[in-house]
Amino acid sequence: MNPALHSFAHVLGWTLLHLCWQASLIALLLACILYLLAGRPPQARYIASCVAMLLVLGVFAVTFHRIATSARSDGQNVVADTTIEVSGSAAHDAALFPLEQFQQVLERAIPYLLPLWGSGVLLFLLRLNVGLLVARRMALSASLAVARDQGELFQSVVRRLGVSRPVRLLRSASVQVPVVIGWLRPVVLLPLNSLAGLSTTQIEAIFAHEIAHIRRHDYLVGVLQSIVEALLFYHPAVWWISRQIRKERELCCDDAAVQVTGNAVTYAQALYLLAERRLTAPAVTLSTHGGFLTMRIKRLLHRHDTPVQPTAAVSAFALMLIATGIGFHTVQAQRLSPTSTSQAALRIAEVAGKHSFISTIPVDAPPLLLAKVAPPAQPELHPVELSSLAASAVEEDKPKPRAVSPGAMAGNILTKVAPEYPAEARAAGVQGAVVLKAVISKEGDVKELQVVSGPEQLYKSATDAVRQWKYKPYLLNGQPTEVETTITVNYSIGR
């Protein structure tokens with residue numbers, strides 16, 4: 001796989017996985033807010049639900065940016081996936097913490113999860129496009145004019161609700177209840193006979209409900225909402241938040257209908273009559289039916305809202321996701337935190353042309369701190385020591401290899417020599433992961449190799465094997481570049 005594409009897949013995969021606990025946390029917070037707002041107008045709960053959905057998208061974008069930035073700036077700190085199994089057993093993971101074990105399992109699963117996610121997104125977007133096309137065809141095919149009295153009543157309600165855009169009212173044989181289609185040039189479609197038997201006040205309430213959708217731009221919000229559902233279809237919390245938006249949207253329009261007619265019971269009776277003519281229109285259309293019908297009728301008759309009460313099982317599952325996600329975040333934060341070695345830099349400075357001193361002051365320390373801790377005078381160094389320090393200084397001036405994530409370099413491996421399990425280590429039951437820091441030359445050879453951690457008995461086997469690996473040159477702006485990365489060699493004793 002192309003290194004850039006591999007790196008993008010790595011970042012996207014971890015972003016989607018992190019969203020599992022992040023969106024769960026947002027949904028739980030929303031549930032608490034909705035519970036507190038149970039007695040408030042539905043518009044407040046609608047806004048809270050929309051903010052929660054936007055927050056999910058914002059968290060997704062921030063997480064993607066953060067992981068991408070970390071992968072670019074310090075590839076050593078990304079979870080190592082340049083691994084090689086000496087034996088097929090998974091027993092080597094026993095030495096790792098449970099969260100790290102699970103993290104490595106997810107890391108290996110990302111290449112398989114992304115195609116599934118992409119297929120799901122395409123499927124849901126296809127469903128949305130088909131729904132939009134069908135709705136558009138329904139609007140274009142409707143040509144039957146409504147009765148004159150109904151048309152005048154409709155335009156009267158349009159003016160009372162303050163809608164300045166032109167809104168057409170047509171009859172259609174394709175719908176079974178009144179629906180709204182379109183945003184810029186909305187059309188309200190009435191079924192041929194569904195309004196038969198309704199009083200003028202009830203019809204006026206039905207019109208007010210549909211026009212309230214138009215005034216609130218609910219059609220546009222609904223389409224955007226469907227796009228978010230398609231992108232994050234795998235997460236139940238996203239669907240739950242979306243369901244709250246739809247429910248509160250209908251309640252807002254119900255309140256507008258009651259405000260126009262002044263009679264909630266009459267409007268509830270109209271909803272009941274329409275419930276007998278179920279809707280088969282695409283999901284993107286907006287209708288008086290609108291779902292949650294039983295709850296809406298009860299609310300109109302009793303004038304109180306049912307507070308949101310997530311089930312115990314759902315709450316426990318969400319809390320488990322959140323705890324796991326926070327654990328992952330903590331583990332990755334520890335990996336990303338700079339070590340004491342990387343924080344400090346060895347500095348060589350010449351004093352009066354003869355004296356030198358070495359400071360272990362952090363590179364980002366403020367100037368006042370440097371002036372305070374620097375000794376006023378240092379003993380004169382021997383010429384041999386000065387020569388050695390000068391050579392070190394020249395070495396430091398060389399351009400440093402670019403840090404590249406193990407995942408990106410894994411895609412560049414051309415030749416991977418498997419290490420031999422040392423017989424003495426196997427007999428002694430020694431197993432685990434040997435982590436190496438490697439510098440890969442512009443030609444793709446392993447130029448430098450340094451052991452970071454692992455069982456000492458396995459050092460030589462791991463380094464001997466990895467020194468024989470051959471990489472495809474890493475290209476930066478089209479030019480071969482020397483890079484630094486992390487390689488993990490896992491040893492396990494098969495059963």
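View 1. Thr463 is buried, with a relative accessible area of 12% (buried means under 20%, exposed over 50%, partly exposed in between, with a 1.4 Å probe and protein chains only). This is a predicted model, where local features need pLDDT of at least 70, side-chain atom pairs count only at pLDDT 80 or more, and totals for chains, interfaces and linings use all residues. Residues are numbered from 1 along each chain as its sequence is written, and side-chain values use heavy atoms, leaving out hydrogens and water. Thr463 sits in helix H16 (helices are DSSP runs of H or I with at least four residues, strands are runs of E with at least two, and both are numbered from the N terminus). Leaving aside residues up to four places away in sequence, Thr463 touches Leu436, Leu449 and Val451 (a contact means heavy atoms within 4.5 Å).

**View 2. Helix H16 and its strands.** H16 covers residues 459-466, and Ser461, Ala462, Thr463, Ala465 and Val466 are buried there. What do the buried residues of H16 pack against? They pack against strands S11 (432-440), S12 (446-453) and S16 (483-491).

**View 3. Leu126 out on helix H3.** Leu126 belongs to helix H3, residues 98-141. Buried or exposed? Leu126 is exposed, because its relative accessible area is 52%.

**View 4. Stepping back to the chain.** Here you can find 16 helices and 16 strands. Of the 495 residues in the chain, 45% are buried. Among contacts with a separation of 6 or more, 75% come from residues 24 or more positions apart.
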